[in-house]
Structures are given as structure tokens and as C-alpha cells.
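Subject: Structure handover

Hello,

Here is the structure I promised you. My notes on what turned up follow below it.

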Amino acid sequence: EIIREQLGKMFKSRVLRGTRAPVRIYASQDDFLRNDRYGLWGGRGLGGYYMPSNQSITTYHGTFGFTGTTFSVLAHEGTHYYEGLVLKGGFENLPIWLIEGLAVYFGDGSKFHPDKKKIEIGLIPRDRLSHLQEKMLIKRHTPIQSLVGLSRVSGFSGSHYADAWGLIYFLVNHPSKDGQKLLQKYWAMGMERRLTVFDFVKLVERYFTSME
């Protein structure tokens with residue numbers, strides 16, 4: 001609910017569905033891998049998943065990667081849950097880099113403070129940062145022009161979560177606030193129709209002159 005509130009501040013959207021998400025948490029990663037069909041399919045590279053058809057979230061109790069936790073996975077998939085509540089045309093309208101980039105920003109980049117019952121949002125997820133830095137070092141990162149045109153079918157993979165997060169983080173934290181304006185305009189367009197690469201390029205040229 002706290003993450004939904006933060007998302008609602010950044011992206012003004014009307015909630016279209018009243019479904020409450022069933023949350024399933026397996027006792028351990030091994031339990032998840034043995035007894036869940038998507039866990040079996042995804043292997044140890046899958047920390048959990050959101051199912052749009054019934055708004056459910058599934059994960060396991062334990063660590064994911066080097067710094068991921070049950071909480072960060074729930075926050076990641078909970079971001080998808082929020083997207084599912086407000087997207088008029090479903091997930092087909094938004095490009096995969098935006099869907100997953102936001103989930104990493106609000107999910108992997110969140111920290112729960114149990115003593116204050118607060119969630120701190122927008123922190124740097126170290127796993128994603130180190131992966132992106134490593135790819136940049138060997139020149140294997142994905143240029144923005146290519147990233148925003150990828151789909152699940154055309155090559156967006158688990159490795160691209162880091163690239164997508166990097167772009168979201170840059171836009172949200174740009175000192176001019178133009179990055180947030182770009183994201184909000186882009187999101188608003190996606191509430192009405194399917195977004196295209198050209199939509200993003202036009203906004204980039206409006207707020208940042210060029211993709212470079």
C-alpha cells in the first residue's frame with residue numbers, strides 16, 4: 001500500500017480494478033523450485049512472479065541474488081500489481097523496459113524499516129548496479145535507442161532489468177526534473193493506447209534535445 005501510494009504520486013492514474021492480490025510465499029527457494037511450475041521453469045534466476053490473470057503474487061522466503069530479500073521481491077512484484085490495477089489496455093500498452101524498470105526502481109530499490117513501519121523508496125539496488133557497471137565496462141550494455149525498442153519476443157531478458165533500471169533511475173533523479181516530466185507524459189500516453197519507440201524518442205527530443 002505504501003508503494004502504491006508512492007507510485008500514485010508519480011503517476012496520476014485511476015484504479016480500474018478492485019482485485020486484492022493473493023500472496024503466496026513458499027517456505028524456501030528449494031520448496032519454490034520443487035513445487036511451483038514457474039519456479040521449476042525459471043530456476044534460481046527467478047525470485048517470484050506476478051500473474052495478471054488473477055492479480056496474484058508468488059515468491060519464497062529467503063534471499064535472492066546477493067542482496068535481494070523476500071521483501072524486495074514482494075515490492076518488485078507488487079509494483080506489477082499496481083500496474084495491473086491501473087492499465088486500461090493491460091500490459092500490452094507499456095514497453096517491457098518501462099514495466100520492469102519501474103519494478104526494479106520501486107521494488108529492488110526499496111527498504112523496509114520495521115521499527116518505523118516505513119518504506120524507503122528509490123535506493124540503489126546493488127545487484128542491478130554492479131551488473132550494469134560490469135556490462136558497461138566490457139561494452140555489453142544496451143544503448144537506450146535499442147533498449148526502448150526491445151520486447152519479450154525480440155530479446156529483452158533478465159540481464160536487461162539492470163539497463164532498464166538505470167534509465168528509470170536517471171530520469172527520476174535528473175536535477176532538472178525534466179526526466180520525471182518525460183516519464184509522466186509517457187505513462188499518461190500508455191494509459192490510453194499502446195506506446196511506441198517513436199513516442200519515447202519524441203519526448204526525449206522535447207526534454208533532452210537528443211537520445212545522446
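W97 touches L147, V148, F156, A164, L167, I168, Y186 and F200, leaving out residues up to four places away in sequence. Please keep in mind that this is a predicted model.

**The cores**

W97 belongs to the largest nonpolar core, which has 45 residues. Which members touch the most others there? They are W97, L98, F156, I168, W187 and F200. Seven helices each supply at least two residues of this core: α1 (2-10), α4 (70-86), α5, α6 (126-137), α8 (160-173), α9 (178-190) and α10 (197-208). As background, nonpolar side chains tend to be buried together in soluble globular proteins.

**L98**

L98 sits in helix α5, which covers residues 96-108. Is it buried or exposed? The relative accessible area of L98 is 2%. The cut-off for buried is under 20%, so L98 counts as buried. Its contacts beyond four places in sequence are E83, I168, L183, Y186 and L195. Take L183 from that list. L98 and L183 are 85 residues apart in sequence, yet their C-alpha atoms are 9.2 Å apart in space. I168 and Y186 are also on the contact list of W97.

**W165**

W165 is in helix α8. Its relative accessible area is 3%. W165 is therefore buried. Setting aside neighbours within four places in sequence, W165 is in contact with G101, V104, Y105, I124, P125, R128, L129 and L132. How far apart are W165 and V104 in sequence and in space? They are 61 residues apart along the chain and 5.9 Å apart from C-alpha to C-alpha.

**Helix pairs**

α1 with α4: the axes are 10 Å apart, and the packing angle is about 55°. The two helices are therefore oblique to each other. α1 passes α4 in a right-handed crossing. On the α1 side, the contact uses I3, R4, L7 and G8. On the α4 side, it uses A75, T79, Y81, Y82 and L85. By class, the residues of this contact are six nonpolar, two polar and one charged.

α4 with α5: here the axes are 8 Å apart, and the angle is about 135°. Why is this pair oblique and not roughly antiparallel? Roughly antiparallel needs an angle over 145 degrees, so α4 and α5 count as oblique. The crossing of α4 past α5 is right-handed. α4 contributes S72, A75, H76, T79, H80 and E83. α5 contributes L98, I99, E100, L102, A103, V104, F106, G107 and D108. The contact of α4 with α5 has seven nonpolar, five polar and three charged residues. A75 and T79 also meet α1. L98 turns up here too, on the α5 side.

α9 with α10: the axes come within 10 Å and cross at roughly 150°. That makes α9 roughly antiparallel to α10. This crossing is right-handed. From α9, the contact takes D178, G179, K181, L182, K185, Y186 and M189. From α10, it takes D199, F200, L203, V204, R206, Y207 and F208. By class, the contact of α9 with α10 divides into eight nonpolar, one polar and five charged residues. Y186 and F200 are both in this contact, and W97 touches both of them.

**Two lysines with positive phi**

Where is K117? K117 is in the loop between β4 (111-113) and β5 (118-120). Its phi is near 55°, a positive value in a residue other than glycine. The relative accessible area of K117 is 67%, so K117 is exposed.

K139 is in the loop between α6 and α7 (144-147). Its phi is near 60°, again positive in a residue other than glycine. K139 is exposed, with a relative accessible area of 69%.

Best wishes

Note on methods. Residues are numbered from 1 along each chain as its sequence is written. This is a predicted model: local features need pLDDT of at least 70, side-chain atom pairs count only at pLDDT 80 or more; totals for chains, interfaces and linings use all residues. Side-chain values use heavy atoms; hydrogens and water are left out. Helices (H or I, at least four residues) and strands (E, at least two) are DSSP runs, numbered from the N terminus. Buried means under 20% relative accessible area, exposed over 50%, partly exposed in between (1.4 Å probe, protein chains only). Contact means heavy atoms within 4.5 Å. A nonpolar core is a set of buried Ala, Val, Leu, Ile, Met, Phe, Trp, Tyr and Cys residues joined through side-chain atoms within 4.5 Å. Axes are lines fitted to C-alpha atoms, for helices over the stretch in contact, and angles run from 0 to 180 degrees between N-to-C directions. Angles under 35 degrees count as roughly parallel, over 145 as roughly antiparallel, 65 to 115 as roughly perpendicular and the rest as oblique. A crossing is left-handed if the near helix is turned anticlockwise from the far one by less than a right angle, and right-handed if clockwise. Ala, Val, Leu, Ile, Met, Phe, Trp, Tyr, Cys and Pro count as nonpolar, Asp, Glu, Lys and Arg as charged, and the others, Gly among them, as polar.
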